[in-house]
Amino acid sequence: MTLLLIAFAIWIAASYVNVMLSRSSAHKTLLVRFLVPFIFGVTIFIVWELLVRGLNIPMVILPSPSVIATKLASSTGILWADFFQTFVKGALTGYIMGCGAAFLTAILIDRVPFLQLGLLPVGNFVAALPIVGIAPILVMWFGFDWQSKAAVVVIMVFFPMLVNTVQGLSATDHMQRDLMKTYAASYRDTLVKLRLPAAMPFIFNGLKISTTSALIGAIVAEFFGSPIVGMGFRISTEVGKLGLDMVWAEITVAAIAGSVFYGAVAAIEKGVTFWHPSQRG
Amino acid sequence: MRKLFAICTVVLVIVALWYAAAVKMNAKWAYDQAARAKVELSFSELVKDTWSQERPVLPAPHQVVKELWGTTVMKKVTSKRSLIFHGWITLEATLLGFAVGTLLGILLSVGIIYIRAMDMSVMPWAIASQTVPILAIAPMIIVVLNSVGIQGLIPKAIISAYLSFFPVLVGMVKGLRSPDHMQLDLLKTYNASKSDAFFKLRLPSSVPYLFTSMKVGIAASLVGTIVGELPTGAIRGLGARLLTGSYYGQTIQMWAALFAAAILAASLVAIVGATEKTVLKRMGMIR
């Protein structure tokens, strides 16, 4: 009971601090903008911990953060192997292959207006479908190992990337293309020096969307069959054994991997599209 | 008209490629069978065989269509083998989850607009959470709720609500903030109250954003429900159809389930899109 009261008190106190901070005149400084969400996050973890302990919630329903952290620290070997299998072999390979293929296809489509007219609506349509469902079929075709996961990822990232790249390639306006023409620039020159740079914000938008779906595809594909290693495999078997601390540890790894992956692509974007209005200021 | 022609051409090419791929991928089984029966296969026999196997590696389009037709129109809706029955199970959870997720997203976005502390503490996490593979926790939610005695519709709806919640939240915050200073200032000169500003300016101008994120959200909801049907050996729903198909090597059944899911997703998005069009038209935002 006391633990519950403490949790409640901490919640109130933290909210009060956050309200004060956000109302203070310093609410636009970088420190406060970082501090407020940080306090919020930490409070959630503390309250979670205290509630689990205070209410004696069994571990098979919700393990406390401390238990998860212990599990995370004590099983780094397994987690690393799972991460390597799912993220590096499955998601990353598929991501690179899928995005690369989509990029090349987009350039091809761009040269043929007829294809652009026909393929784009089809691509848009497919991008909205539950493509994850193709996972069991691909697992059947390519076997249990990472190849089938990479294949799922390739299909999942292909269409969003394709649609975005094609959109990006048409982002230049007539004036700019006419200017290139007055320079007597060849198709290649126009592509490399004008249209690809102009398409970069769109391309990176596609790349960023694809990071999340790549990881989702690789993990979900493992639910349909995998070797005895991998994040999706671990999650589904540990759920079956009610080892929820391990499941949460895997989810933590997945969350960190997803954010870092996204962050890395966003950082590259910042370097490449430094000229774009959304990156300035 | 030209666009329609182009789309039809592309679709036809895809179907043709599919048929060709079906011949190639199913050829091995056909040759094995022929070798066992000690007969030579001519090319036309090979093609005929590869397009009509019972458990092909890649079923030909007409087999999938036949299975779809047979399990939707020809079966009674209450039958365990009817795709309409399974599709309805999935649709139910999707719609419930989507409604709850959208509603919560809208409510929280209103809070975020008016309470700065909430904005500063919740928004960074909401945005960061978009990069996290949330779908990975689906099996856990199903099993945990199962162990406390909740099963069937609710756990799947929770997953689908969770997945549609974040797109709607982020989109609505953007939408409610979309009126510019001029418009807000104008309302101030009218001496409009806060609630007037909300209902007469912010809410109407957020509607396009709401629909855009609802289209993303409903597709995500459906994926969430299907994935939620995978673990714990669920026996009903499109996801379960996919899973049992993969267990027993019933490829045609899997493809039919996949197409049913695709059709469902496309129609859900189309319904939201059509609603968007009518609503925006009535509001005078598009012509």
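**Figure 1. Overall form of chain B.** A compact globule of 287 residues would have a radius of gyration near 19 Å, whereas the value for chain B is 25 Å. The model shown in this and the following figures is predicted. Along the principal axes, the C-alpha trace of chain B extends over about 90 × 55 × 35 Å. Chain B contains 11 helices and 0 strands, and its elements follow the order α-α-α-α-α-α-α-α-α-α-α from the N terminus. Of its 287 residues, 38% are classed as buried. When contacts in chain B between residues at least 6 apart in sequence are considered, 75% link residues at least 24 apart.

**Figure 2. Overall form of chain A.** The chain comprises 11 helices and 0 strands, arranged along the sequence as α-α-α-α-α-α-α-α-α-α-α. Of the 281 residues in chain A, 41% are buried. Among the contacts in chain A with a separation of 6 or more, 75% are between residues 24 or more positions apart. The domain assignment divides chain A into domain 1 (2-57) and domain 2 (72-280). The C-alpha centres of domain 1 and domain 2 of chain A are 35 Å apart.

**Figure 3. The contact between chain A and chain B.** This contact draws 48 residues from chain A and 47 residues from chain B. On the side of chain B that touches chain A, at least two residues each come from helix H1 (2-36), helix H5 (116-129), helix H6 (138-147), helix H9 (194-228), helix H10 (238-248) and helix H11 (251-282) of chain B. The most is given by H5(B), with 8 residues. Sorted by class, the side of chain B that touches chain A consists of 37 nonpolar, 7 polar and 3 charged residues.

**Figure 4. Surroundings of Val132(A).** Val132(A) lies in the loop that runs between helix H5 (113-127) and helix H6 (135-142) of chain A. Val132(A) counts as buried because it has 27 C-beta neighbours inside 10 Å, the threshold being 20 or more. Apart from neighbours within four places in sequence, Val132(A) contacts residues of both chains: Ile216(A), Gly217(A) and Val220(A), together with Val223(B) and Val227(B). The C-alpha atom of Val132(A) is separated by 8.8 Å from that of Val153(A), a residue 21 positions away along the chain.

**Figure 5. Helix H10 of chain A and its packing partners.** Helix H10 (residues 231-240) of chain A is largely enclosed by the rest of the structure, because 8 of its 10 residues are buried. The buried residues of H10(A) are Met231(A), Gly232(A), Phe233(A), Arg234(A), Ile235(A), Ser236(A), Glu238(A) and Val239(A). These buried residues pack against helix H4 (76-111), helix H9 (187-222) and helix H11 (244-272) of chain A, and also against H6 of chain B. Just after H10(A), Leu242(A) adopts a positive phi of about 60°.

**Figure 6. Crossing of helices H1 and H2 in chain B.** The axes of H1(B) and helix H2 (residues 43-50) of chain B approach within 9 Å and cross at roughly 100°. H1(B) is therefore roughly perpendicular to H2(B). H1(B) contributes Ala22(B), Val23(B), Asn26(B), Ala27(B) and Ala30(B) to the contact, while H2(B) contributes Leu46(B), Val47(B), Asp49(B) and Thr50(B). By class, the residues of this contact are 6 nonpolar, 2 polar and 1 charged.

**Figure 7. Crossing of helices H4 and H10 in chain B.** Helix H4 (residues 83-114) of chain B and H10(B) have axes that come within 7 Å and cross at roughly 125°. H4(B) is therefore oblique to H10(B). From H4(B), His86(B), Gly87(B) and Thr90(B) meet Leu238(B), Gly239(B) and Arg241(B) of H10(B). The residues of this contact comprise 1 nonpolar, 4 polar and 1 charged.

Note on methods
Residues are numbered from 1 along each chain as its sequence is written. Chains are lettered from A and ligands numbered from 1 in the order in which they are written. This is a predicted model: local features need pLDDT of at least 70, side-chain atom pairs count only at pLDDT 80 or more; totals for chains, interfaces and linings use all residues. Two residues are in contact if their C-beta atoms, placed from the backbone, lie within 7 Å. Helices (H or I, at least four residues) and strands (E, at least two) are DSSP runs, numbered from the N terminus. Ala, Val, Leu, Ile, Met, Phe, Trp, Tyr, Cys and Pro count as nonpolar, Asp, Glu, Lys and Arg as charged, and the others, Gly among them, as polar. Domain bounds come from an automatic or database domain assignment. A residue is buried if 20 or more other C-beta atoms lie within 10 Å of its own, exposed if 12 or fewer, and partly exposed in between; C-beta atoms are placed from the backbone. Axes are lines fitted to C-alpha atoms, for helices over the stretch in contact, and angles run from 0 to 180 degrees between N-to-C directions. Angles under 35 degrees count as roughly parallel, over 145 as roughly antiparallel, 65 to 115 as roughly perpendicular and the rest as oblique. The radius of gyration is taken over C-alpha atoms; the globule rule is 2.2 Å times the number of residues to the power 0.38.
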